[in-house]
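Dear colleague,

Please find below the structure that I am handing over to you.

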Amino acid sequence: MFGTHLGRGRGKIVAVADIGSGSAGVAILGIHPGEPVSVLAAERAILSMEDRGEEATTTGVADQLVKAGEAVRKKFTNLGKDAHPIHELYVIIRAPWSHSETKRVSTTFKEQITVTDHMIGELAERALAEVRELDRGNFLEAKVIRVELNGYSCAKPVGKHATEISAFVLISGWHSTIRAKIEASLQKVFPHLSPAFRSSVWAAIAVLREGMSQEYDYLIVDMSSEGTAFVAIRDGVATEHMLIQEGVRTILKRVSGSGMPEEALNLIRMLSSDQCSSAACEATRESLARAEPELVRVFGEALGTCASEQRLPNTLILFVHPDVATWLSRFFSRIDFSQFTKTAQPFQVRIVGTTDLSTWVAPSGGMVLDPGLALGSALVNIEKRRGQ
């Protein structure tokens, strides 16, 4: 589970799956050292936006994974001479199926010692043993995201000397209700591969730390269909984690009323781009205004919990469906959440889209890649470059 060293791929073919709470996407990537990954084929299958219980939702997402996986493998096969065996499989688990927390563990010595990988690994094991909020039987990943020697951050601690070592470990788990179903679906599509599971929180942190953000303090807001994860990053370390059961579908349900959420989604997109002036658009605008007070309450409670011990960074990094991204960005920057921010000023919102990830991902043949698969593909490239 631990470790930061996987083999560096050379011209390998890798698959990546993105498991949302209302959809599943699969992409097949060509890995070339020092270059953006080439997205050779991609497909996403989406559940209709209707009310379902958890059992029906998890079953539906698992079925969509099979559907998307079979479709993308067919596309890949049709590439003919460009198609090669798939060597690895990465699987990104999003909210609300995954949840994370960060542990800080330390050890001191009476005299200077030389830091080794083994010492850092022992600290990570201690962090795992201290986990209380996550189900130990369903750990997803454990990542050492920061090491401090004698109280100072050190990017390459192995071989250095110190009397105190501290490790910050991001630990993620996922729900047993969906784990077995996702694993069964993956076996149907990629029976010869052993999946490497990652949380979307880790994917977001890895991409932001790799240079997409020049800041070390920000609030990540990762919204899927059924839930939203909040992660406060302070000095490059994930500190507060919060997960709520409010997402794109539930917001659209509030707005659409007795109408179709899919239609409301389209109208919100048009409103955000100032391309809508019909009666239906005006009705949607009014519905958004009516839904806003309840959304302020729901998100305000989550932000208040995150800021209970320390005010939040002013920069808000938003990962969300592109059709609602502009509206949601305006919501977080316009609504007075300044009581929760470090400077007592409104959030400065930055939307992460596919163009922001072009350093690591290059769709081929004019392909349009959705943000979830783009983020997963970027993570694959980053981990390969690091030799993880």
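**Findings: a pocket, a serine and charged pairs**

The second largest pocket has a volume of about 560 Å³. Its lining comprises 34 residues, and those closest to the centre are S23, R44, R94, S225 and H321. Please note that the model is a predicted one. By residue type, the lining of this pocket divides into 13 nonpolar, 12 polar and 9 charged residues. Strand 3, strand 10, helix 5 and helix 9 each contribute at least two lining residues; the largest share, 3 residues, belongs to helix 9.

I would next draw your attention to S166, which is located in strand 8 (residues 161-174). With a relative accessible area of 1%, S166 is buried. Its side chain makes a polar contact of 2.6 Å with that of S106. Leaving aside residues up to four places away in sequence, S166 touches R104, V105, S106, L123, R146, V147 and E148.

Turning to charged pairs, the structure has 26 salt bridges. One of them joins K75 and E43, whose closest N and O atoms are 2.6 Å apart. This pair connects distant parts of the chain, as K75 lies in helix 1 and E43 in strand 3, 32 residues apart. K75 is partly exposed at 39% relative accessible area, and E43 is partly exposed at 25%.

R146, which is among the residues that S166 touches, forms a salt bridge with D235 at 3.1 Å, N to O. These two residues are 89 residues apart, with R146 in strand 6 and D235 in the loop between strand 11 and strand 12. R146 is buried, at 14%, whereas D235 is partly exposed, at 43%.

Yours sincerely

Notes: Residues numbered from 1 in each chain as written. Predicted model: local features only at pLDDT ≥ 70, side-chain atom pairs only at ≥ 80, totals over all residues. Heavy atoms only, no water. 1 Å grid on protein atoms, 1.4 Å probe; cavity = no way out; pocket = protein on both sides within 12 Å on 5 of 7 lines; lining within 4 Å. Points joined across faces, edges and corners; volume = space filled by probe spheres on them. Helix = DSSP H or I, 4+ residues; strand = E, 2+ residues; numbered from the N terminus. Nonpolar A, V, L, I, M, F, W, Y, C, P; charged D, E, K, R; others polar. Buried < 20%, exposed > 50% of the residue type's maximum accessible area, 1.4 Å probe, protein only. Polar contact = N/O pair within 3.5 Å; in protein donor to acceptor, adjacent residues only side chain to side chain. Contact = heavy atoms within 4.5 Å. Salt bridge = Lys/Arg side-chain N within 4 Å of Asp/Glu carboxyl O.
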